[in-house]
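Let's walk through this fold one piece at a time. Keep the picture open while you read.

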Amino acid sequence: MTELAGARLLIVGASSGIGRELGLQAARAGASVAFAARRIDLVAAAAAEAGGGSVGLRCDVRDASACQAVVDDAVAALGGLDAVVYCTAIDVLVRIGEADAATWADTFATNVTGAALVTAAALRHLRDAKGRAVFVSASSVDRPLPGMGVYAASKSALETMVRAWQAEHPDVCFTSVRIGSAFGTGVTDSWDNDLLMELATGWLDRGYVHDNGPGGPMTVAAAASAILTTLTSDVWLRELTAVSDPGRENYQF
């Protein structure tokens, strides 16, 4: 799938941020896109903006039946699937020693188990199309920021799962894309500001923030463009890390 014209994409986690922008970019390149997320009003609006036969579908990835249904509905609406992109994630800001069982369970249910369930539901369609499945990870996985250990652990598990899918199904391309820090995703909206201010000093002192992106935070558009590259490459990309370009203005503070 080196050309997006006529391609059929399911993007899970497309109500806002990177997933929504990715869907709009893909639609502009000629793809038909199924935008999926819990908030049906937002994905319906995104699909209307994308046009070209795109649709908005509701999906709560913590619900196994919903994961199957969103794939079935996308196939019915688009006539098949050439690629699935899993952008859904929650990123709770909490010291790892203070994370309770519910925090661990909800994070892994959303960031890992949901990805597995959507992939399983889509597998036969991707095999028929010799398609691609792409999963969004984070550039901080190998060096978790204090307060983001639960999130990093889930993304590490996600990447291992992606490799396992590839090992068992070599006829489909499975890709994990590590994205550097990006603003405008909405992920941080639920963070406790007092805890953030307390942790941020340590992030700066230890160089964590700079490691996430040498040129500063990326725009949502740049992050989406990096993911789009994995869908249009002439070769299968297994793992990709995208950070901002230090030679240009990536984000205006």
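## A pair to start with

Leu-10 stands opposite Ala-34, which belongs to strand 2. Strand 1 (residues 8–12) and strand 2 run parallel, joined by 5 bridges. Two strands count as paired if DSSP finds at least two bridges between them. Helices (H or I, at least four residues) and strands (E, at least two) are DSSP runs, numbered from the N terminus.

Before going on, a word on the source: this is a predicted model, where local features need pLDDT of at least 70 and side-chain atom pairs count only at pLDDT 80 or more, while totals for chains, interfaces and linings use all residues. Residues are numbered from 1 along each chain as its sequence is written, and side-chain values use heavy atoms, leaving out hydrogens and water.

## Strand 2, covered on both faces

In a regular strand, side chains alternate between the two faces of the sheet. So which residues of strand 2 are buried on each side? Ser-32, Ala-34 and Ala-36 are on one side, Val-33, Phe-35 and Ala-37 are on the other, and all are buried. Buried means under 20% relative accessible area, with exposed over 50% and partly exposed in between (1.4 Å probe, protein chains only). Because 6 of the 6 residues of strand 2 (residues 32–37) are buried, this strand is largely enclosed by the rest of the structure.

Strand 2 also pairs with strand 3 (residues 55–58), in the parallel sense over 4 bridges. There, Ala-37 has Arg-58 in strand 3 as its bridge partner.

Zoom out, and you find an open sheet of 7 strands in the order 3-2-1-4-5-6-7, with parallel pairing. Strand 3 and strand 7 (239–242) stand at the edges with a single partner strand each, so one side of each has no neighbour in the sheet. For strand 7, that pairing is with strand 6 (residues 173–179), parallel and over 4 bridges. Val-177 has Leu-240 as its bridge partner in strand 7.
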